[in-house]
Amino acid sequence: MNYFKQLSPEHRRSWGLVAAYLGLLIVISLADFGLNTAGQTVFRGLLLGMLVFLVASGLSLIFGLLDVLNFAQGAFLLVGAYVGYQVYEGIGLGAGLSLLAAFITAVVVGGILGTLVEAGLIRPLYKRPIFQIVLTFGLAAILMDLVERYYGPDPKQPIKPPAFLDEKFTLFAQSLSVYRLFIIFLGLAMMIGVFILLHRTRIGIIIRAGVQDSEMVQALGINVRLVFTLVFVLGSALAALGGIAIVPYQGATLEMGNQFLILAIVVVVIGGMGSYEGTAIASVVVGLTRAVAEQLSLTHFNAPVLAETSILLLMILVLLVQPSGLFGREEA
Amino acid sequence: MSAAITTAMLEVQNIHTFIGQFHILEGVTVAVPPGSITVLLGRNGAGKTTTLRSIIGLTPPREGQIVFRGQAIQGRPAHKIAQMGIGYVPENRIIFRDLTVAQNLQIAERKKGDLERKADFIFNLFPDLKRLYSLRGGNLSGGQQQMLAIARALVPDNHLLLIDEPSEGLAPVLIEQMMDAIRQLSASTTVLLVEQNFQVASQLAERYVIIEEGVSVHSGLMADLVNDTELIKTYLGVA
């Protein structure tokens, strides 16, 4: 494939490391848990990886192009989850249409929120990165507070997906809802969709060029500020999509924004700040690592903290081996 | 300073530009007649690159005026200035490393079909680029990147090209190639060049402006400058 042929030696090495690491995880799982539990663990890891990807991809795109580490990305997920939940509960159109309406509303609200935040708050601070961090941090706190005031502090129960997504199937001797498969496919579809957008369209080429040097893009006659806004909107909408996608599976809680934000930051750092491909791969790596660590701690150590720590240890390890992350920007 | 050229394609009039709190340009005046190659000369750090960046709007001047084809452009956003027909080839080339040669050229299109229309002209000028078309920008050599950077500025219909240090870091044989290309393209486009290598500058340009510590101190015809060894020695440090 052309993509692999033209990779830099560092990125080829990263692909090798990722393949070896994933192979190792699978071998450990098979050896320690047996085929069925290993299969279930990998499935859980993929599911988590895809959910994290929806938040992390936006974070990575926004950081890559705008150099803004958007701490409000988790809050966008939270808003998407709660707004979607409200639409589902209030619209009364039957499970299928209600869920569709919930998804569409969450994505639209996420996009609108992103537009307002970028145009009204972030844009005046493009040359002040510290201010941006403080601003998005504060914004996240405000949005969480607003969600709590409006929807109350109690967690929301998972909503019921339509019958065809609620059916059960058996995988590795475990009965699972089709909705879980749907989340994996949704994540994969977004992964491929954004990849095609970035690699096969003019706007994608502009975004990739802007990630390297937005000033040069501007000097070519392209309104880079408009592209900044589009990317921010896309990133916010993806996070909101992640939020509503979680609700039929786990329900909604006020903590979900921060939980996924931390995972997303780890993913973006491991993948390489600003690298979309890196984020996609690191999402899978982090999802699988956490699932295997969870299973290991359950089987051997009875220490759930191991699962939490595992991804942070992985991040430290990656940064020691490759300080710019697996697929970080090459230096000029 | 020589008398101002009233029919200039570009007139930079006494601009003052700051980078952060540093006053980099303290009065630069440049006139570029249409169809010419004009070169900005001066020692390292004199303000030549900042002058080009001020013109394209990346480091806008705080004072003074920049008139391009009769319109004042200072203070406009860089993309609007570029859209008026100014191409910019920066000092360090800034090729988009993750994009292919083809994509590096496509991104410069301002109208659909620009690249298709200009392809023959560009590949005549830089035949190597045709062979490298599907290669990533990051995989090109320094000379190839320089060719691509100039080719990129040729994709849209530009009236003026700002080219910063085209010979920097190139082997002598590539410098010759580059000079040929700039000569050829100057038949259809006006060029304002920054060039540290006086040999290259003197062979390419018809007019010059010397910038010293952020101030334009001399300008005129290159033919006169090459015979003025005193001036060359004083401002350029070349014997």
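In this predicted model, helix 6 of chain A covers residues 129-151. Its 23 residues reach 32 Å from the first C-alpha to the last, close to the 33 Å expected at 1.5 Å a residue. Several positions along helix 6 of chain A are buried, namely A:Gln132, A:Leu135, A:Thr136, A:Ala140 and A:Val147. In an α-helix, residues three or four places apart point the same way, because there are 3.6 residues a turn. The partners of the buried residues of helix 6 are helix 4 (73-91) and helix 5 (95-122) of chain A, against which they pack. After helix 6 of chain A comes A:Gly152, which has a positive phi, near 85°.

The two chains also meet each other. On the side of chain B, 23 residues are in contact with 18 residues of chain A. Helix 2 (78-83) and helix 3 (101-106) of chain B each supply at least two residues of the side that touches chain A. Helix 2 of chain B gives the most to this side, with four residues. The table shows how the residues of the side of chain B that touches chain A divide by type.

| Type of residue | Number on the side of chain B that touches chain A |
|---|---|
| nonpolar | 13 residues |
| polar | six residues |

As for confidence, the model scores ipTM 0.91 and pTM 0.86. Chain B has an average pLDDT of 92, and 97% of its residues score at least 70. Over residues 1-5 of chain B, however, the pLDDT is below 50. This stretch has eight contacts in the model beyond near neighbours in sequence. Where pLDDT is low, the predicted coordinates should not be read in detail.

Note on methods: Residues are numbered from 1 along each chain as its sequence is written. Chains are lettered from A and ligands numbered from 1 in the order in which they are written. This is a predicted model: local features need pLDDT of at least 70, side-chain atom pairs count only at pLDDT 80 or more; totals for chains, interfaces and linings use all residues. pLDDT is the predictor's confidence in each residue, from 0 to 100. Two residues are in contact if their C-beta atoms, placed from the backbone, lie within 7 Å. The expected span of a helix is 1.5 Å times one less than its number of residues. A residue is buried if 20 or more other C-beta atoms lie within 10 Å of its own, exposed if 12 or fewer, and partly exposed in between; C-beta atoms are placed from the backbone. Ala, Val, Leu, Ile, Met, Phe, Trp, Tyr, Cys and Pro count as nonpolar, Asp, Glu, Lys and Arg as charged, and the others, Gly among them, as polar.
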